[in-house]
Amino acid sequence: MNGAQYLIKFFENKGVEYIFGYPGGKVIFLYDVLGKSTLKHVLARHEQGAVHAADGYARVTGKPGVCFATSGPGATNLVTGIANAYLDSVPLIAITGQVGLADIGRDSFQEADIMGITMPITKHSYMVKDIELLPAVLEEAWNVATTGRPGPVLVDIPSDIFSGTVDFSATTHNITTRKGPRKNGLEEQISKVLEAIKMAKKPLLMLGGGIIASRAWEQLEEFVKYTGMPVVTTLMGKGAIPDKNTNVLGMVGMHGIPAANLALNSCDLLLAIGVRFSDRVTGKPENFLFDTTIVHVDIDPAELCKNVNTEIPVVCDAGRFLTAIMTGFKKEKQTFQLDEWLSQINEFEKKYPLLYDKEKTLKPQYVIEETARIAGEKAVVVTDVGQHQMFVAQFFPLGGIRNFVTSGGLGTMGFGLPAAIGAAFGRPKENILLFSGDGSIQMNIQELATIAQNNLPIKIFVLNNSCLGMVRQWQELFFKEHYAQTIFTYNPDFIRLAEAYGITALRISEPEEAKGIIVQALNTEGPVLIECIVDQSENVFPIIPPGGGPHEMLGRWQGETHISRIG
Amino acid sequence: MRHTLAVLVENQPGVLSHVAGLFSRRGYNIDSLVVGETEDPGISRITLVVEGDEKVIEQVSKQLNKQVEVIKVNDITNEKIVERQLLLLKVAADTAIRMEIMQIVEIFRCRIVDIGKRSLIVEATGDEEKIEAIIRSLRPFGIQELVRTGKVAMVRGTK
Ligand SMILES: Cc1ncc(C[n+]2csc(CCOP(=O)(O)OP(=O)(O)O)c2C)c(N)n1
């Protein structure tokens, strides 16, 4: 058996269905074998497209995404996608071809030290220098990517390892198993948490992507039902619990829902699970909730006390933690009296609803709200990066499991289109909606070919405001309206562009047209691109200016005509 | 405050750059770093001296612990340890002052390992304090070249 055959067999045995990739000289041997196997290969049009597609696939299925690329430029084209998966803790295995063993280190044709390049943006990067080690490295790579806090792993394989043969039954497959989270002290921490919850008058549950990685939906639902605690999420936590659940206040952070941010600012106990207290949530970490008791639960000990100091750090998987807490509550028949707190929150919601002006021009929020109404909460929603991303987080209520795909940590423009491809392969029976901007979509526009080739039923909403909206907004608010390089004075005709790829294209220009065209798009089989000509001057509110606390939101509040600080 | 960390790692190519990269990426400062094989050739030991408060050191240890090749991280700052650095120092030494230098070398119990026409090379091992003291004493004669290792350390056995 040769190395390529072993690698393909390995992924088959792991139950991998799709490989997202792009061929080249140093993986030609691998592709020769791949073409004769049961694995299905999705040919992207750029390696960045392949890696984001693998990432999107992983997010909607919970299974690791796998992508292949050739050496040198193929491998370096993966870099953004790997960093993206790293910051959002997405399990991903990237296989790159490398120049032959004898050519390494000589600046050979298409040689790049991809292991060195990716070391800081992976859980681990490997280079296989001995074919005998291939089984152990692959097994370990799989294990590292999928256990504990998930993340990307890269395995760089010189071309002669693919073509070399060895009796793999005689090689070692043993791997060092990774250290799980420490269990000592857990019980003590759990009882401290139970005590803190009991004492709290204004407890708040904050959920991050860790809940989803831990598949803790059921435990979470039970916990929220039992305690009646109000819930906020981070961007990555959106979708962990259905938005229609009356306990859910929505997303917190720089563009969070006002009531959610105010609740965050007013709580006396913050129970934060699977979050990493990013600066988009905390503002200046030193000022973040300094008189609130913070419980921080995460499977990765390095997250605890990294960005904010917490009174009760707990190293634990989210699901196991919630189960342990529920056991404690039930044993003590704990009851909760949160009426006063909930009515305070109710006041926040009444006084500071999320508003935008629906009249006159077509607003991006309106397109999103209407689409949500028509498509329903079970749609799989993918976003790109910018204002439209925040509008989706604010205005698209979600209710399915693993049905929100967005680039949270890295904020990668160009993620959306290829990620939607991965989502479409991962969830073939479901409605896949992509919301992108005229800036973001052009960063991986070539993937329209992949969509067309596979006839993927993705509904692509391009919210075209003829500008890089999010940056334009900052220039308006913080740089005296000096719009440096953010207004597109030239854009392609997106309708004809889609049609050139053989994709149905529709356009919405006026609010009155929206409903009809959205219905038409959703009822059309296969891919559809819907260009929405939206108001260029629309901004995302509220906004917490950089470094501000959760209560320092700027916005247009009820009954007011201009932007002001809350309160 | 300066902390001494003893880090056991798998003896594999790339480990050192990985660990060093982690420090630069996360903005931690390394005062010194020494790496070498241990009694088990599959395992190397990195002795790191890091500047930082408790919070920084905790983060450093946790981040190190997350690395695949890292087997164990021990903060031995507050342990009873034996620590050593190695110093090689070339000092200007005309015949007239050779005796004087040799006396200093004697006092510090270090050695002269090379004698040139106009210079001597002094070799010394010891803890940081001793090494600093030797350098201070020889500086007036004119140090031509100086090289020293970072520190290696070992926790003392129980009595
Ligand atoms: C790859 C990349 N380059 C630059 C940025 C900085 N950036 C953040 S949002 C944004 C504008 C996005 O424009 P568009 O996709 O049209 O969306 P809009 O904000 O207009 O909704 C830019 C340039 C980024 N996030 N990613």
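Buried means under 20% relative accessible area, exposed means over 50%, and partly exposed lies in between, with a 1.4 Å probe and protein chains only. By that rule A:Lys36 is exposed, at a relative accessible area of 65%. The model is predicted, so local features need pLDDT of at least 70 and side-chain atom pairs count only at pLDDT 80 or more, while totals for chains, interfaces and linings use all residues. Residues are numbered from 1 along each chain as its sequence is written, chains are lettered from A and ligands numbered from 1 in the order in which they are written, and side-chain values use heavy atoms, with hydrogens and water left out.

Start with chain B. It has 4 helices and 9 strands. Helices (H or I, at least four residues) and strands (E, at least two) are DSSP runs, numbered from the N terminus. Along the sequence of chain B, the order is β-α-β-β-α-β-β-α-β-β-α-β-β. Its C-alpha atoms fill a box of roughly 60 × 35 × 30 Å along the principal axes. Chain B has 159 residues, and 40% of them count as buried.

Contacts come next. A contact means heavy atoms within 4.5 Å. In chain B, take the contacts with a separation of 6 or more: 74% of them join residues 24 or more positions apart.

Charge in chain B is split into 23 positive and 23 negative side chains. Lys and Arg count as positive, Asp and Glu as negative; His and the chain ends are not counted. Each charge is placed at NZ of Lys, CZ of Arg, CG of Asp or CD of Glu. The centres of the two sets lie 2 Å apart.

Now move to chain A and its helix 16. This helix covers residues 364–375, 12 residues in total. From first C-alpha to last it reaches 16 Å, close to the 16 Å expected at 1.5 Å a residue. The expected span is 1.5 Å times one less than the number of residues. Helix 16 of chain A is largely enclosed by the rest of the structure, because 9 of its 12 residues are buried. Among them are A:Tyr366, A:Val367, A:Ile368 and A:Glu370. The buried residues of helix 16 pack against helix 17 (387–395), strand 15 (432–437), strand 16 (458–464), helix 22 (511–523) and strand 18 (528–533) of chain A. Just after helix 16, A:Gly376 takes a positive phi of about 90 degrees.

Other backbone features sit in loops of chain A. Most residues other than glycine have a negative phi, and most peptide bonds are trans. A:Leu289 has a positive phi, near 45 degrees. Its loop runs between helix 13 (279–282) and strand 11 (293–298) of chain A. A:Leu289 is buried, at 7% relative accessible area. A:Gln485 also has a positive phi, near 60 degrees, and is found in the loop between helix 20 (469–478) and helix 21 (494–500) of chain A. A:Gln485 is exposed, at 75%. The peptide bond from A:Phe541 to A:Pro542 is cis, with omega near 0 degrees. A:Pro542 lies in the loop between strand 18 and strand 19 (554–555) of chain A.

Salt bridges complete the tour. Side chains of opposite charge can pair when their charged atoms come close. A salt bridge here is a side-chain nitrogen of Lys or Arg within 4 Å of a carboxyl oxygen of Asp or Glu. The count over all chains is 34.

A:Lys36 pairs with A:Asp32, with the closest N and O atoms 3.2 Å apart. A:Asp32 is partly exposed, at 45%.

A:Arg59 and A:Asp88 form a salt bridge at 3.1 Å, N to O. This pair links distant parts of the chain, 29 residues apart: A:Arg59 is in helix 3 (residues 47–61) of chain A, and A:Asp88 is in the loop between helix 5 (79–87) and strand 4 (92–98). A:Arg59 counts as buried at 10%, and A:Asp88 counts as buried at 8%.

A:Arg507 meets A:Asp493 at 3.6 Å, N to O. A:Arg507 is partly exposed at 38%; A:Asp493 is partly exposed at 32%. Finally, a network of salt bridges links A:Arg149, A:Asp300, A:Glu303, A:Lys306 and B:Lys66.
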